[in-house]
Every structure is written in C-alpha cells, then in structure tokens.
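This report goes through selected local features of one model, with the cut-offs behind each term given where the term is used.

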Amino acid sequence: MLRSFLGSSLVPLLALSGILFAPGSWASPTPRQSATWPYGPFKVSGAEMKNSRGDSIVYAGVNWPGHGEVMIPDGLQYQSIETIVSKIKGIGINAIRLTYAIQMVDQIYANGNKDTTVQASFTNALGSTNGPKVYAQFLAKNPSFNANTTRLDVFDAVAAECAKQQIHVHLDNHMSRAAWCCSTTDGNSWFNDKDYIVTNWVRGLSYMATHAKYWTALTSMSLRNELRSPDSNATLKAQSYNWRDWYTYVRQGTAAIHAANPDILIFLSGLDFDTWMTPVFQGTALTPGTGKFSAADFPGHADRLVLEIHNYENSATSCSSLQGNLYSKGFQAMHAEDAKTVNVFPVVLSEFGFAQTDAESQRVYATCIASYLAQQKAGWFIWVLSGSYYIRSGTQDYEETWGLLSHDWSTWRSQSYIDGGFKTLIQNTAKN
C-alpha cells in the first residue's frame, strides 16, 4: 500500500506444483462448471472483462488482507467468515481482493509439502502469550475450524463462502515475505530484491493458481502488488528497475498462472507503487530497451490480461487534475478512440482509499474518484475492509482508521459514508 511509504524454465516448476497440490477440505471437490455462476472461463474483449456468456464483469470490491505475518485473512478473531462476507454482500459489494504472501508457499515446500496449522501460525506471528489467546478467539468465532486447520484451509473457507454468496475472488500476491506493505527498502520491492526471489515467486504463483483452481468464486489473479524502486540495493536499482526487465518477469509470471489455471484473468501492475502503466497501452519502448508490448508475447493468454493501477493522491484539490492523471497513467487503456492508445485493456483501480471520516469522504479525492469510476464504468477495490490487523509493523491488534469496518469488524466505521457515497459508487459500477 503506497500510503505507508508516503508516511529459467517453467516446465519442471509447473509440473512440480501440480504434483504437490491437493485440494483442502474447504475446496470444491471438482473444477467449477461454466453453466453456473460465475460462468467461467473468463476473457477480455476490448476494454471489458467477460464471462463465458458474454456478460461484462465490473468489480466493485474491497481489499481483504491476508499477507501479514499470521498469513490468513485478517479479522477472524472478531467475526466469522460468514458474517464478514454477508456484511459486504449486504451493501452490494461483488468482489474481494484477497491478498497473500509467497512466504506461505515457501514454507509449504520447506515443510515436506505440508502447510502450517493456523494454531502454529498465530503463535509464530504473535508470540507464545498472545498467539494462543487470539487463536482461541479465532476458534470461538469460527467453530468449524480445529487444531488441524491450516492456513490454506482458511483461504479455502473464505473462497467457499464468497462462492455461496456470489462474490468474485481476485487473488493478489501482495508480498514475498509476510509483512505490512510497502516501502522501497523492505526487501520486497522488485524482482530479485532480498526477499523477492523470482524463482520462488513464479513457483508461488503457480502453486496458488493450481490450488485456487478449485475455488468456484475465483475470477482473476494478480502478479504482484506495488512494484517499486529497490532502494536498499543500489546495483539492482541501477541495472534492473525499468520497464525492460518488468516485461521479462511479467511474461514469466503470466505464463505460470495461465499454465496452472487457464480459465482466469491475470492482472498486470506497473512501476512506482503501481501508479502508471503508460508504455504498455501506448505501445512505446519498454526502456532502456527498444522492445514494445506485444500480445504475441503472451501465447494463449493475451486475452486474459487486465491492467491495474493504484492511486493515493489524497491531497488533491483539483478534480480535473486528478482525473487527468488517472486517464494518462492507466484508464486511457480503455479508450480505443484515443489515437495514442495502441493496446486496449480493461483497467481496474485495485487500490485507493482514505480515512473513514465524514470530512475525508467529502473531500475532492474521494468524490472525484467515485465520479470518475462511474463515468468509466471501471472496476475497483477500496483499501481497506479491515477494521484492524492481527499485527502490522510490529504492533498487534493494530487499529486501521482507513478500514470500512470498526476495530472489531462488527459495524461500519462511517455509516454515513456507506449509506451515501459508497453505496452510490457500488450501484454505479458493479456488474455480475
């Protein structure tokens, strides 16, 4: 999340991940069927995401973090999965951006292909005193779980409840090392940064795409959240932080996901905390090289690609200026009529957000983005659903003032915003 900073061959790898995968107890026993919701497989047609019936899909969603040190979706010590999903469904939300860390998959491989239990994960993240206490609260709110429940079982259960309530799941690789995101010195910034080992990343994408193939609600996956300058590694920054190398690694990531699960859409994120994608849709040189984006470089899955951008220009005072930035850095890709648009894509604003107060919800930033998304008929995910985190930046039970929900995830933090601008935004954008 940007605001925190402002304050080889794939074949053996993909085969191995397929061998290792076995559906968890919460996963659907067979792959989903196209005759029922959400009507996969999914493709893009021009600037639209489509299901197999030809219906347009527009996400009106929330970010639900699961990439922190506990490595399960946040909030489950306070509310059940069913309660949380029902709450967002009740106001019309049709999608979640569910985040995870590659470290979870790394640990599965290191542990003889067995996932860690949730009980152990709470203790590892929160310590021997607080871990068991929060785990007990987790069990009390989610009594179907037990001492054998693993981290992926929890992800499976969230996906199953979303399928039950017809909410799309977008699975987002947020970090490599499980932790709060993001800064340019956290070792997770760029391909082959300290913790961002490319081979592990590709393996992790493949593993999660294979595992989540059995999630009825899964519609899309991302490659990586908020790529950024690796400022703690001067050599890597000088030699590799550029669009040329971005293109090399993006092709590896998309190939891994598509080989494991050819039915879903794949989101591409840009540089500088994913704030711009201009060379991709304008078809200009991917500097410092001379190569350009080409659909031919994505064999069999060029029609699965979606662009995502983030925006945290919270201090904006000019709506026209803010909307101009949104257009030139991303949403121009939806406009084939623009002579400078060479490659057309759907675009999703996968992160934007603000403190949940009446004052912030009425400022230029919040109102302008809402009107723009409605005008563009574009998808979005607000940051963030969470009223609190198990742990963030070393602080346990961290209060999230930007969270749509209260600290204990029981009520809306700003009911006036929910009933006013937020429900209107949902109604003006959500499709299928």
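## Basis of the values

The model is a predicted one, in which local features need pLDDT of at least 70 and side-chain atom pairs count only at pLDDT 80 or more, while totals for chains, interfaces and linings use all residues. Residues are numbered from 1 along each chain as its sequence is written, and side-chain values use heavy atoms, with hydrogens and water left out.

## Helix α5

Helices (H or I, at least four residues) and strands (E, at least two) are DSSP runs numbered from the N terminus. Helix α5, residues 118–141, has 24 residues, yet its end C-alpha atoms are only 14 Å apart, short of the 34 Å that a straight helix would reach at 1.5 Å a residue; the expected span is 1.5 Å times one less than the number of residues. At G127, α5 bends by about 130 degrees, the bend being the angle between axes fitted to the seven residues ending there and the seven starting there.

## Helix α14

Helix α14, residues 364–376, has 13 residues and reaches 18 Å from its first C-alpha to its last, close to the 18 Å expected at 1.5 Å a residue. Among its buried residues are Y365, I369, Y372 and L373, and the buried residues of α14 pack against α12 (319–329), β10 (347–351), α13 (358–361), β11 (379–382) and α15 (415–429). After α14 comes K377, with a positive phi near 55 degrees.

## The loop residue T184

T184 is found in the loop between β6 (168–175) and α7 (198–211), and it counts as buried at 6% relative accessibility. The side chains of T184 and D231 are joined by a polar contact of 2.8 Å (a pair of N or O atoms within 3.5 Å; within protein, one must be able to donate a hydrogen and the other to accept it, and residues adjacent in sequence count only if both atoms are side-chain atoms). T184 and F273 are 89 residues apart in sequence and 9.1 Å apart in space, C-alpha to C-alpha.

## Aromatic and charged groups

Rings of Phe, Tyr and Trp (its six-membered ring) pair if their centres lie within 6.5 Å, with planes under 30 degrees apart counted as stacked, over 60 as edge-to-face and the rest as tilted; by this rule there are 32 aromatic pairs. The rings of Y247 and F293 have centres 5.8 Å apart and planes at 55 degrees, so this pair is tilted. Y247 lies in helix α9 (residues 243–260) and F293 in the loop between α11 (278–282) and β9 (305–310), so the pair ties together parts 46 residues apart in sequence. Y247 is buried, with a relative accessible area of 5%. The rings of Y247 and F298 have centres 5.9 Å apart and planes at 70 degrees, so that pair is edge-to-face. Ring pairs link W243, W246, Y247, W276, F293, F298 and F345 into a cluster.

R224 lies over the face of Y196, at 3.6 Å from the ring centre, and R392 lies over the face of W180, at 3.7 Å from the ring centre; a charge sits over a ring if NZ of Lys or CZ of Arg is within 6 Å of the ring centre and within 35 degrees of the ring normal.

Notes. Buried < 20%, exposed > 50% of the residue type's maximum accessible area, 1.4 Å probe, protein only. Contact = heavy atoms within 4.5 Å.
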